[in-house]
Amino acid sequence: MSDQTPAPATQPLLRPVRLGALELPNRVVMAPMTRARADNEGLVPTSLHATYYAQRAGAGLIVSEGTWVSTDAIGFIHVPGIYSDAQTAGWAEVTEAVHSAGGRIVSQIGHVGAVSHPDLQGGRLPAGPSAINPQEMSFTPDGPKDSVTPRARGPYRRAAANALRAGFDGLEIHAQASHLVAQFLNPRLNRRTDAYGGSSEKRAQFLLDVVDAVSDVWGGDRVAVKLSPYWNSGPAFTADAEALADYDQLLKKLGDSGLAYLHLLGPEPGTGTDDTLTAFTRYRAHYSGSVVANLGFTQASANELLERGLADAVSFGAPFIANPDLVDRFTHGHPLATGDRDTYYGGGVEGYTDYPAA
């Protein structure tokens, strides 16, 4: 990829774009990032969350941290949900702050499924597509613990309605990494013999049904899905030729859903799989709608991807942590600050809302 950054006036990142019903003033998307600041019994977002997101309202679009659709969905400590009235009210404070600062924000809703742990479920086994242990790690109040063999289930529509009530501009379905939707898509973890298992088409049906359910609440042009076809983790998630072929077919199916956009992770650098350009060329060949690209992009590589027409916008995670004014820095060529990793997860103001603008 080129190391040259285009002149500010010509940067693709700074051009407006329409994603479904979402009109964005630029193509710099703030990726969803777990920051574990909901340190309260109800997992309610607070005024600290409102300040944090409002500081980053210069993004063309903010995607909220992944939020739990139910108590069964919980997989990590201090991460807010969107299943209770108190949580919905807390998120309404966040969206009001973002809108007052001129920004746009969508809610990412999700469920960790079998990656949870009984310590987070009141002693009950976690939910999953089948009673198979994904052999991942869960972060409990007592520290990291191995996941266990789950029970099967999981709801989304109420969370979508709460997000609408809270004033979000749209909804993104968390279907990436090793969480519940990805477990349904995975033949090693989904051994069902009903309408949700047995073939790649049936394994995809759970996601398609979730898309239909939340689209009934929002309208499809304000709904998005985030996927990670190249995800490699443990023995269950391997981005082999068969898995990628299944995702090719899923992307074609989702192309018929009228989504606002598809949020797609590229491959991890150095994993021996396709490079970023090859991966997003592959995605473009199978998905006809708008694409938001994610994973490890710099200003230069993001501009190059957009210039090649392989994505419509690019999302940035870590750069937004220490650079609340990331779009301004891209615009004026200011250097990027580096975040303190020790404060990424948990804590209060430090490493969360105390990073200055350039």
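Pro229 is a buried residue, with a relative accessible area of 3%, in what is a predicted model. This proline lies in a loop, the one that runs between strand 10 (223-227) and helix 7 (241-254). Leaving aside residues up to four places away in sequence, Pro229 touches Ala239, Leu244, Tyr247, Leu264, Leu265 and Tyr283. Between Pro229 and Asp240, which stand 11 residues apart along the chain, the C-alpha atoms are separated by 9.6 Å. Because buried means under 20% relative accessible area, the 3% of Pro229 places it within that class.

From this single position we can turn to the chain as a whole. It has 11 helices and 13 strands, and 56% of its 358 residues count as buried. Of the contacts between residues at least 6 apart in sequence, 70% join residues at least 24 apart. The accessible surface of the chain comes to about 13900 Å², and carbon and sulfur atoms account for 51% of that area.

Why can helix 9 (residues 299-307) be described as largely enclosed by the rest of the structure? The reason is that 8 of its 9 residues are buried, namely Gln299, Ala300, Ser301, Ala302, Asn303, Glu304, Leu305 and Leu306. After helix 9 comes Gly309, a residue whose phi is positive, near 75°.

Key. Residues numbered from 1 in each chain as written. Predicted model: local features only at pLDDT ≥ 70, side-chain atom pairs only at ≥ 80, totals over all residues. Heavy atoms only, no water. Helix = DSSP H or I, 4+ residues; strand = E, 2+ residues; numbered from the N terminus. Buried < 20%, exposed > 50% of the residue type's maximum accessible area, 1.4 Å probe, protein only. Contact = heavy atoms within 4.5 Å. Areas by Shrake-Rupley, 256 points an atom, 1.4 Å probe, with all protein chains shown as cover.
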